[in-house]
Structures are given as C-alpha cells and as structure tokens.
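Visitor: Hi! I'm new to this one, could you walk me through it?
Guide: Happy to, let's bring it up.

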Amino acid sequence: MKTVLTIAGSDSSGGAGIQADIKTVTAHGLYAMSAVTALTAQNTTGVYGIMEVTPEFLANQLDCIFKDIYPDAVKIGMVSSAALIEVIADKLKEYGAQHIVTDPVMVSTSGSRLLAEDAAETLVHTLIPLAEVITPNIPEAEVLCGMEIKTAADMEKAAVKIADFTNGAVLIKGGHDLNDANDLLYANGSFNWLNGERISNPNTHGTGCTLSSAIACGLAKGDTLTDSVTSAKAYISGALRANLNLGHGSGPLNHMFMI
C-alpha cells in the first residue's frame with residue numbers, strides 16, 4: 001500500500017487540516033500518516049484558538065515517521081511560524097523526501113494574512129523550493145508574485161514569476177470570482193489550463209487542503225503531475241456535488257462520497 005504523510009494543523013471540526021487530509025488519502029485507498037504542526041479550536045463558523053507544537057516535538061514526529069514507514073508522498077499545509085517551517089525543510093532534506101506537495105496557507109479566502117512576514121519569507125526561501133508542486137489560491141499567488149491577479153492572463157504572468165523561486169511546478173487555483181473553477185498548472189515552462197465546473201455549494205471548508213492531499217495521492221501512486229491534478233479536481237467536484245450540509249457556517253465536503 002502506498003503511503004502519504006500530511007504535515008499540517010489539526011481541525012477540531014474535521015473539515016480541513018490533517019483530518020481532511022487523512023480522509024482524502026483513505027478515500028483514495030492509500031495509507032495516511034500525519035505530523036501535527038498545531039492544534040486548533042475551530043468549527044464551520046471560524047477559528048477560535050491555535051496552539052502550536054514546539055519545533056522539537058515536530059522534529060520528533062517527523063523522525064518517527066520517516067525512520068519507520070517512509071512516505072511515498074508528502075503534503076504540507078498550515079505551518080504558522082518560521083521555526084516550524086525550518087524544521088520541516090531540514091527533515092525533508094535529511095530523509096530525501098519525494099513528491100512533496102505544498103499548499104502555501106498564507107491568506108484566508110476573505111483576504112486576511114495568516115502568516116507573519118518572517119514566516120512567509122522562510123516559507124518562500126526554504127520550503128517552497130523543495131516542492132514538486134505548490135498550490136496557491138489567488139490571494140496567496142498575489143502575495144508570492146507581488147502583483148494583483150484580475151484576469152487569466154494575470155494568472156499566467158503570476159505563475160511565471162512564482163516559478164522563478166521554485167524548483168517545481170505551480171498550480172494557481174482559480175475561483176475567487178475570477179474564472180470559475182479553472183486552474184492553471186505551470187510546469188517546465190508550459191501552461192496547462194485545467195477547466196472545471198463551479199458547483200453551487202456554499203459548503204467549501206477544507207477544499208484547498210483536500211485538493212493538495214488528493215494530488216499527493218496521485219503522485220504517491222506514480223501518476224504524472226498533470227494526471228494527479230486532473231483526478232484531484234474530479235475528486236473535489238464529486239465531494240462538493242455530494243452536498244453534505246453540516247454546521248452553521250461554511251461546512252465541510254463529503255470526503256467519503258466514493259465509499
């Protein structure tokens with residue numbers, strides 16, 4: 001059985017973070033492992049508390065995983081401090097981790113910055129260059145490239161700029177009222193537009209976490225990056241189309257719709 005490691009924060013409501021990642025990996029028939037970067041007190045209406053792990057404890061988790069059950073792919077989600085980012089980068093290099101998918105959780109859907117300036121710099125210079133693909137949304141891509149993104153052409157310009165400081169591919173996720181669910185994959189100097197349908201479902205909590213985990217599943221199984229992204233988008237569409245409706249805010253996807 002292929003294995004996927006998620007390095008991310010815990011979502012106590014189960015819709016995002018490591019809980020969403022584990023559900024996604026399980027739904028794809030792979031074995032999920034997790035290294036927790038932070039505990040959060042949250043639900044579908046918001047985040048009400050965050051408690052980070054120490055760098056030493058995160059390093060301990062990663063040592064235990066890599067020395068025993070080596071992951072075939074690694075997904076990285078929310079990491080909120082420079083010290084934790086440095087630990088992750090050091091351990092991934094120490095163990096020669098492969099098929100790294102980084103979801104640069106820097107800006108919320110509403111546009112609020114979620115990452116301190118020093119942590120963002122560390123993310124850009126130490127962690128992002130290790131990734132096979134990074135998966136920013138529009139606000140995150142704007143932070144990374146330093147320009148506003150208003151059109152599909154802007155997405156292409158942004159992807160080229162971001163690729164200057166990465167060693168892998170860039171997947172800029174559409175949405176945010178820009179171009180429905182069409183995503184742009186920029187890899188090896190080529191643009192690949194992956195069109196999708198916008199599904200009328202307000203319950204989208206955890207879509208970014210879920211997409212990056214699904215991509216990691218494809219890479220762990222040996223699929224190409226393009227095929228991994230394409231199948232991950234189809235999985236997201238199915239999970240949204242299942243119309244799970246839980247909670248009083250933006251609810252979670254139905255990660256297990258295929259089972």
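Predicted model: local features only at pLDDT ≥ 70, side-chain atom pairs only at ≥ 80, totals over all residues.

Visitor: Where does Tyr31 sit?
Guide: Tyr31 belongs to strand S2, which covers residues 31-43. Its relative accessibility is 39%, so Tyr31 counts as partly exposed.

Visitor: OK, changing topic. How many salt bridges are there in the whole structure?
Guide: A search of the whole structure turns up 5 salt bridges. As background, side chains of opposite charge can pair when their charged atoms come close.

Visitor: Which residue does Lys75 meet in a salt bridge?
Guide: Lys75 pairs with Asp21, at 3.0 Å from N to O. Lys75 is in strand S4 (residues 73-76) and Asp21 is in helix H1 (residues 17-27), so this pair ties together parts that are 54 residues apart in sequence.

Visitor: Are those two buried or exposed?
Guide: Both Lys75 and Asp21 are buried.

Visitor: And what about Lys91, which residue is its salt bridge with?
Guide: That one is with Asp63, and the closest N and O atoms are 2.9 Å apart. Here helix H3 (residues 82-94) holds Lys91 and helix H2 (residues 55-68) holds Asp63, so the pair ties together parts that are 28 residues apart in sequence.

Visitor: Tell me more about Asp63. What else is it in contact with, beyond its neighbours in sequence?
Guide: Leaving aside neighbours within four places in sequence, Asp63 is in contact with Lys91 and Tyr95. Asp63 counts as buried because its relative accessibility is 18%, and the cut-off for buried is under 20%. Lys91 is buried too. There is also a network of salt bridges that links Asp63, Lys91 and Glu94.

Visitor: Nice. How far apart are the closest N and O atoms of Lys173 and Asp103?
Guide: They are 3.6 Å apart, and the two residues form a salt bridge. Lys173 is in the loop between S7 and S8, while Asp103 is in the loop between strand S5 (100-102) and helix H4 (117-127), so the pair ties together parts that are 70 residues apart in sequence. Lys173 and Asp103 are both buried.

Visitor: Let's look at a helix. What span does H6 reach?
Guide: Helix H6 runs over residues 152-163, which is 12 residues, and reaches 17 Å from its first C-alpha to its last. That is close to the 16 Å expected at 1.5 Å a residue.

Visitor: Which residues of H6 are buried?
Guide: They are Asp154, Met155, Ala158, Ala159, Ile162 and Ala163. Looking down the axis of H6, these buried residues fall within an arc of 165°, so they line one face of the helix. The general rule is that an α-helix has 3.6 residues a turn, so residues three or four places apart point the same way.

Visitor: What covers the buried residues of H6?
Guide: The cover includes helix H5 (138-145) and strands S6 (133-134), S7 (169-172), S8 (183-187) and S9 (190-194).

Visitor: Last one: is Cys217 buried or exposed?
Guide: Cys217 has 0% relative accessibility, so it counts as buried. You'll find Cys217 in helix H7 (residues 207-220).

Visitor: What does Cys217 touch?
Guide: Not counting residues up to four places away in sequence, Cys217 touches Val4, Thr24, Val25, His28 and Leu30. As for Ser231, it is 14 residues from Cys217 in sequence and 9.7 Å away in space, C-alpha to C-alpha.

Terms used: Residues numbered from 1 in each chain as written. Heavy atoms only, no water. Helix = DSSP H or I, 4+ residues; strand = E, 2+ residues; numbered from the N terminus. Buried < 20%, exposed > 50% of the residue type's maximum accessible area, 1.4 Å probe, protein only. Contact = heavy atoms within 4.5 Å. Expected span 1.5 Å × (residues − 1). Arc of directions from axis to C-beta. Salt bridge = Lys/Arg side-chain N within 4 Å of Asp/Glu carboxyl O.
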